[in-house]
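Please look at the display before I continue.

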Amino acid sequence: MLIQILIHTPLYVWAILALLVYRGVVALREREMTLGKMFIIPLIMLALSLQDIAAKFGTAFLPLSAWASGAVVMTLLVWRFGSAGISAGATPGKVRVHGSWVPLAMMLAIFFTKYATAVTFVVQPQASHNALFSMLVCALFGVFNGYFLGGLARNLTCWQVLRAPARASSYPAAAA
């Protein structure tokens with residue numbers, strides 16, 4: 001049965017997996033980027049999750065509230081307790097993003113959750129009407145999205161702190 005599932009998986013799914021692995025491998029190394037580029041992965045992962053929830057479970061209160069609960073809790077945890085993911089860049093307007101394996105793991109977790117959910121619906125179409133199943137899947141998507149959103153919030157907070165000395169040092173000159 002597993003072979004049949006893999007054989008009947010559309011090719012574009014494997015292309016998406018390859019792209020996610022590539023982006024995750026890029027995230028393993030330290031690199032410089034503009035602040036705007038830090039929004040790309042969190043927004044893409046958010047769009048993928050919400051699209052999947054809407055397509056598989058609908059936009060009813062239960063799936064969306066399970067997603068929102070997981071997203072809010074994880075966003076706050078990562079924002080509050082996560083380590084700084086950036087430092088000052090070598091050039092103005094850029095930040096140095098520290099390498100980590102966690103984005104790769106989270107992107108793969110989202111992919112495999114979407115894949116496993118799709119396979120479950122093929123094997124057991126009635127699963128979409130199971131409240132517990134929909135809540136668990138949607139809460140998982142929320143946790144994954146919360147990781148990316150919390151990391152973005154943490155990095156934006158860190159960026160504000162990095163900018164503060166530059167603003168403070170230019171303030172007396174501007175006032176003079």
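Is the crossing of helix 2 and helix 5 right-handed or left-handed? Before I answer, a word on the source. This is a predicted model, in which local features need pLDDT of at least 70 and side-chain atom pairs count only at pLDDT 80 or more, while totals for chains, interfaces and linings use all residues. Residues are numbered from 1 along each chain as its sequence is written, and side-chain values use heavy atoms, with hydrogens and water left out.

The crossing of helix 2 and helix 5 is right-handed. A crossing is called right-handed if the near helix is turned clockwise from the far one by less than a right angle, and left-handed if anticlockwise.

The protein has 6 helices and 3 strands, and from the N terminus its elements follow the order α-α-β-α-α-β-β-α-α. Helices (H or I, at least four residues) and strands (E, at least two) are DSSP runs, numbered from the N terminus. Along the principal axes, the C-alpha atoms fill a box of roughly 70 × 35 × 20 Å.

Two packed helices are described by the angle between their axes and the distance between the axes. Axes are lines fitted to C-alpha atoms, for helices over the stretch in contact, and angles run from 0 to 180 degrees between N-to-C directions.

For helix 2 (residues 11-26) and helix 5 (residues 102-123), the axes come within 8 Å and cross at roughly 165 degrees. That makes helix 2 roughly antiparallel to helix 5. The cut-offs are under 35 degrees for roughly parallel, over 145 for roughly antiparallel, 65 to 115 for roughly perpendicular, and oblique for the rest. By class, the contact has 13 nonpolar, 1 polar and 1 charged residues. Here Ala, Val, Leu, Ile, Met, Phe, Trp, Tyr, Cys and Pro count as nonpolar, Asp, Glu, Lys and Arg as charged, and the others, Gly among them, as polar.

Helix 5 also meets helix 3: their axes come within 11 Å and cross at roughly 15 degrees. Helix 3 and helix 5 are therefore roughly parallel to each other, and their crossing is left-handed.

Helix 3 has a further partner in helix 4 (residues 61-81), with axes that come within 10 Å and cross at roughly 155 degrees. These two helices are therefore roughly antiparallel. Their contact includes Phe57 of helix 3 and Trp67 of helix 4.

I turn to the pockets. On a 1 Å grid over the protein atoms alone, a pocket is an open set of points where a 1.4 Å probe fits, with protein on both sides within 12 Å along at least five of seven lines; lining residues have an atom within 4 Å of a point. Grid points are joined across faces, edges and corners, and a volume is the space filled by probe spheres set on the points.

The largest pocket has a volume of about 780 Å³. Of its 35 lining residues, Ala27, Arg31, Ile41, Pro103 and Phe148 are the closest to its centre. The lining comprises 21 nonpolar, 8 polar and 6 charged residues.

Which element gives the most to the lining of the second largest pocket? Helix 5 does, with 8 residues. This pocket holds about 460 Å³ of space, and Tyr12, Val13, Lys114, Tyr115 and Ala118 lie nearest its centre.

Notes. Contact means heavy atoms within 4.5 Å.
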